[in-house]
Amino acid sequence: VKEGLGVVRVGGSMTLPRAYRWKEFRGVREKRQPYHGEWYLRYGGKTTSRGFGPFEWIDTLRGVGIEPLITLNNLEWPDDMADFVEYCWGDETTRWGKQRHMDGHPEVYNVSWIEIGNEH
């Protein structure tokens, strides 16, 4: 931050985009289903947690004064992308704003930068 770093891009598909969906990375971390990515299988692992996803990145980066640029998986459905925007910005009268509040984050995320697509 001292060097002027103001925005960090957070990728949105890891190594198996079919299985990387933002809705799977919300709520209580311990209740999230494991992620079966090709990278982990290739190097001897079986799964990894969905314990650190886009919302943990948002909170962490904001905690050190950096604006997150969140990348959504380009294989998400358009409705899912719209839901993401509502989850980040919606108040409690919206479906996804209410869900964010129930997931333990009553404040809006105010994400200013969203990108669609990663390497694919």
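A: Start with two terms. A residue is buried when its relative accessible area is under 20%, exposed when that area is over 50%, and partly exposed in between (1.4 Å probe, protein chains only). Helices (H or I, at least four residues) and strands (E, at least two) are DSSP runs, numbered from the N terminus. This is a predicted model, in which local features need pLDDT of at least 70 and side-chain atom pairs count only at pLDDT 80 or more, while totals for chains, interfaces and linings use all residues. Residues are numbered from 1 along each chain as its sequence is written, and side-chain values use heavy atoms, with hydrogens and water left out.

Q: Which residues of helix H2 are buried?
A: Helix H2 covers residues 54-63, and its buried residues are Pro54, Phe55, Glu56, Ile58 and Leu61.

Q: What covers the buried residues of H2?
A: To read cover, look for contacts: heavy atoms within 4.5 Å. Here the cover includes strand E1 (7-10), strand E2 (67-72) and helix H3 (78-89).

Q: What does Phe55 touch?
A: Leaving aside residues up to four places away in sequence, Phe55 touches Trp22, Phe25, Arg26, Phe84, Tyr87, Cys88 and Tyr109.

Q: How many residues does the largest nonpolar core have?
A: A nonpolar core is a set of buried Ala, Val, Leu, Ile, Met, Phe, Trp, Tyr and Cys residues joined through side-chain atoms within 4.5 Å. The largest one here has 15 residues, and Trp22, Phe55, Ile70, Phe84 and Tyr109 have the most contacts inside it. H2, E2 and H3 are the elements that give two or more residues to this core. H3 gives the most, with four residues.

Q: What is the overall order of helices and strands along the sequence?
A: The chain has four helices and three strands, and the pattern reads β-α-α-β-α-α-β. Of its 120 residues, 36% are buried.

Q: Where does asparagine 110 lie, and is it buried or partly exposed?
A: Asparagine 110 lies in the loop between helix H4 (95-102) and E3. Asparagine 110 counts as partly exposed because its relative accessible area is 35%.

Q: What is the phi of asparagine 110?
A: Most residues other than glycine have a negative phi. Asparagine 110 is not a glycine, yet has a positive phi of about 55 degrees.
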